Amino acid sequence: MRRFAVAALAALPFMAAITALDLVAPFPADINVPLPAALAFYPAMGFFAQLALHVIPFAVLLVALTTVAAKLSLSARVWTAILLASLIEAVFQIGGADLEGRVLTVQAAVLAVHVFAFGCVELFLYKRYDFAAMYAFRLTYYAWWHVIWGVLRLQG
């Protein structure tokens, strides 16, 4: 149970940061799926994101690094795979960002750093504990950002 408490606590700074960013530079209203659909959509999307954007790329990168960089320590290969895999969702988010005139906005740049750091924490939780801790981290964040704050921001 400790791993879930660690995951929830680790999500708090990310929840505060994304809320602050939304208050300073509001995101479009259409980024949130409204209730009650949100209660099914976000757990499913979170599970997919964990596998497609983190676990599978991490595993593939770790195998590749073991093959091409066998002289590196296991720890160095793991952390390199964590950093590289964490870039995937950040790049994906920027690709989907509303780039005004193809210029990277400050909001999009901050979001990219936020998502990259988020991915690093997720994969650290995966390494330290397991998939369940990693998923709990994302679900805790989603519960605030996409469900609770999503409802509040759409009502305001």
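**Exercise 1. Determine whether Leu 87 is buried, partly exposed or exposed, and locate it in the chain.**

Solution. Step 1: the relative accessible area of Leu 87 is 40%. Step 2: the classes are defined with a 1.4 Å probe and protein chains only, where buried means under 20% relative accessible area, exposed means over 50%, and partly exposed lies in between. Step 3: Leu 87 is therefore partly exposed. Step 4: Leu 87 belongs to helix α3, residues 74-96. Step 5: its C-alpha atom is separated by 9.2 Å from that of Val 113, a residue 26 residues apart from Leu 87 along the chain.

Two remarks on the model apply throughout. The model is predicted: local features need pLDDT of at least 70, side-chain atom pairs count only at pLDDT 80 or more, and totals for chains, interfaces and linings use all residues. Residues are numbered from 1 along each chain as its sequence is written, and side-chain values use heavy atoms, with hydrogens and water left out.

**Exercise 2. State how many helices and strands the protein chain has, and in which order the elements run.**

Solution. Step 1: helices (H or I, at least four residues) and strands (E, at least two) are DSSP runs, numbered from the N terminus. Step 2: the protein chain contains five helices and zero strands. Step 3: the order from the N terminus on is α-α-α-α-α. Step 4: the radius of gyration, taken over C-alpha atoms, is compared with the globule rule, 2.2 Å times the number of residues to the power 0.38. The chain has a value of 16 Å, close to the 15 Å that the rule gives for 156 residues, so it is as compact as a globular protein of that length. Step 5: along its principal axes, the C-alpha trace spans about 55 × 45 × 25 Å.

**Exercise 3. Describe what percentage of the residues is buried and what percentage of the contacts joins residues at least 24 apart.**

Solution. Step 1: of the 156 residues in the protein chain, 38% are buried. Step 2: contact means heavy atoms within 4.5 Å. Step 3: among contacts between residues at least 6 apart in sequence, 73% join residues at least 24 apart.

**Exercise 4. Classify the geometry of the aromatic pair Phe 47 and Tyr 135.**

Solution. Step 1: rings of Phe, Tyr and Trp (its six-membered ring) pair if their centres lie within 6.5 Å; planes under 30 degrees apart count as stacked, over 60 as edge-to-face and the rest as tilted. Step 2: a search of the whole structure finds 14 aromatic pairs. Step 3: the ring centres of Phe 47 and Tyr 135 are 5.8 Å apart and the planes stand at 85°, so this pair is edge-to-face. Step 4: the pair links distant parts of the chain, for Phe 47 lies in helix α2 (residues 38-68) and Tyr 135 in helix α5 (residues 131-155), 88 residues apart. Step 5: Phe 47 is partly exposed at 39% relative accessibility, whereas Tyr 135 is buried at 18%. Step 6: one aromatic cluster is formed by Phe 14, Phe 41, Tyr 42, Phe 118, Phe 137, Tyr 141 and Tyr 142.

**Exercise 5. Assign an accessibility class to Thr 66, Leu 12 and Val 63.**

Solution. Step 1: Thr 66, found in helix α2, has a relative accessible area of 35% and is partly exposed. The C-alpha atoms of Thr 66 and Arg 77 are separated by 7.0 Å. Step 2: Leu 12, found in helix α1, is partly exposed at 43%. The C-alpha atoms of Leu 12 and Phe 137, 125 residues apart along the chain, are separated by 9.4 Å. Step 3: Val 63, in helix α2, counts as exposed at 57%.
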